[in-house]
Amino acid sequence: MPPPIWLMRQAGRYLPEYRAIRAEAKGFLYLCYDPAMAAEATLQPVRRFGLDAAILFSDILVVPHALGLAVTFEDERGPEVERVGSARDLDRLDPTAAVSRLAPVFETVRRVRAALASDATLIGFAGAPWTVATYMVEGGTSRDFAATKRWAFSDPEGFGRLIDTIETATIDYLVAQVAAGADVVQLFDSWAGVLADEDFERWCVAPTARIVAAVKVRADVPVIGFPRGAGVLIDRYAAATGVDAVGLDTTVPLAWARDVLQPKVTVQGNLDPLLLVTGGAAMERRARAILEALGRRPFIFNLGHGVVPETPPDHVAALVACVRGWRP
Ligand code: CP3
């Protein structure tokens, strides 16, 4: 049997049917909070490509929004988040109220579960606290994470309160997704790769381990962790966080993943999203190399980061056919 396949950011602007509902929604956040539209966006790629899993259509930034911060998604500019600059700003964030503001997302999960084939997996998700914190402290996407690092390095206790706030909301958020019908949850730590050693431990590993433990006490669900860019620290992450599977970014060497990680943990990944844009023989050669290296032990085929808007949908269909045609 070939391994299961789904793709990070499998819903989105590369699909004409997504652009059609996106044009109808008043804004991206409205789309995330409209259960009918969000369920439709979730199901679109599964319907078109027959993927093995659906991933809830939402965003990692709904958590800062539910904590009470203004969040906007202007086209071309990327997301903007009302800045949190110091421990004083934390007093107005209420982590225990956040989950009730996210009720529309749980309704989306219920609708998707009801519409999805029983053998298809529904993946819920959240951003990991470090990555979500970078958006809150920088006010959006960043090149160097200077403000976040300066706060974390100079005032670890205050910054730790921000991490705790996100963590508390994230635990409730994931547990509620599972209660609504999510079969698996993934934690996206997209900026894990900018921290070293003890900072990686304190701001990525420890909060993730606490979330995994707390979620598993309250919900019986496998957890996938995606510490993008963490390099050799992925080994430590996999061992110490309690995740059931680890997502590998595009730069992780296949032989290392096979020999070091796979004996201990299920791995997921890691085709370069730009090879999916390229398509053809180059894409299929690399997809088969990934399958040959990792496909004989517990493995989920995916990209090493999200689908980009320039991706031709036909290339996704070709990738699914390539994976499905492979035999161990
Ligand atoms: O299909 C899916 O994977 C489900 C939906 C999903 C979205 N965002 C929808 C989205 C998921 C899982 C995410 C995760 C997410 N969001 C991450 C982690 C993964 C990663 O890419 O590293 C991050 C860092 C974000 C924050 C975010 N949201 C950014 C930086 C942007 C702008 C850049 C971009 O890719 O468009 C978004 C917007 C966003 N999230 C869109 C979609 C479909 C596009 C907005 C639009 O349609 O107007």
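Student: Is R22 buried or exposed?
Tutor: This is a predicted model, and in it R22 is buried, with a relative accessible area of 18%. The cut-off for buried is under 20%.

Student: Where does R22 sit, and which residues does R22 touch?
Tutor: R22 is found in helix α1, residues 16–24. Leaving aside residues up to four places away in sequence, R22 touches G27, F28, L31 and D75.

Student: How many residues surround the ligand, and which are the closest?
Tutor: The ligand has 22 residues around it. R22 is among the closest, together with R13, Y18, D59 and S190.

Student: Which polar atoms lie by the ligand's oxygen atoms?
Tutor: A polar backbone atom of R9 is 2.8 Å from a ligand oxygen. For a polar backbone atom of A11, the distance to a ligand oxygen is 2.9 Å. Now the side chain: a polar atom of Y18 lies 2.5 Å from an oxygen atom of the ligand. As for cover, the ligand taken alone exposes 870 Å², and the protein buries 89% of that.

Student: What should I look for in backbone angles?
Tutor: Most residues other than glycine have a negative phi, and most peptide bonds are trans. Look for departures from that pattern. R9 is not a glycine, yet has a positive phi of about 60 degrees. R9 lies in the segment before α1 and is exposed, with a relative accessible area of 52%. D197 also has a positive phi, of about 35 degrees, and is not a glycine. D197 belongs to helix α10, residues 197–218, and counts as exposed at 58% relative accessibility.

Student: Where is there a cis peptide bond?
Tutor: Between G269 and N270, with omega at about -25 degrees. N270 is in strand β8. G269 is also one of the residues that F301 touches.

Student: How do I read one face of a helix?
Tutor: An α-helix has 3.6 residues a turn, so residues three or four places apart point the same way. In helix α12, residues 254–261, the residues L254, A257 and L261 are buried. Seen down the axis of α12, the buried residues fall within an arc of 85 degrees, so they line one face of the helix. Their cover includes α11 (233–241), β8 (266–271) and α14 (280–294).

Student: Which members of the largest nonpolar core touch the most other members?
Tutor: M136, F159, L162, F301 and L319, out of 124 residues. Helix α9 gives the most to this core, with 12 residues.

Student: How far apart are the C-alpha atoms of L162 and V184?
Tutor: They are separated by 26 Å, and the two residues are 22 residues apart along the chain.

Key:
Residues are numbered from 1 along each chain as its sequence is written. This is a predicted model: local features need pLDDT of at least 70, side-chain atom pairs count only at pLDDT 80 or more; totals for chains, interfaces and linings use all residues. Side-chain values use heavy atoms; hydrogens and water are left out. Buried means under 20% relative accessible area, exposed over 50%, partly exposed in between (1.4 Å probe, protein chains only). Helices (H or I, at least four residues) and strands (E, at least two) are DSSP runs, numbered from the N terminus. The arc is that of the directions from the helix axis to the C-beta atoms. Contact means heavy atoms within 4.5 Å. A nonpolar core is a set of buried Ala, Val, Leu, Ile, Met, Phe, Trp, Tyr and Cys residues joined through side-chain atoms within 4.5 Å. A residue is near a molecule or strand if one of its heavy atoms lies within 4 Å of it. A polar contact is a pair of N or O atoms within 3.5 Å; within protein, one must be able to donate a hydrogen and the other to accept it, and residues adjacent in sequence count only if both atoms are side-chain atoms. Accessible areas come from the Shrake-Rupley method with a 1.4 Å probe; for residues, only the protein chains shown count as cover.
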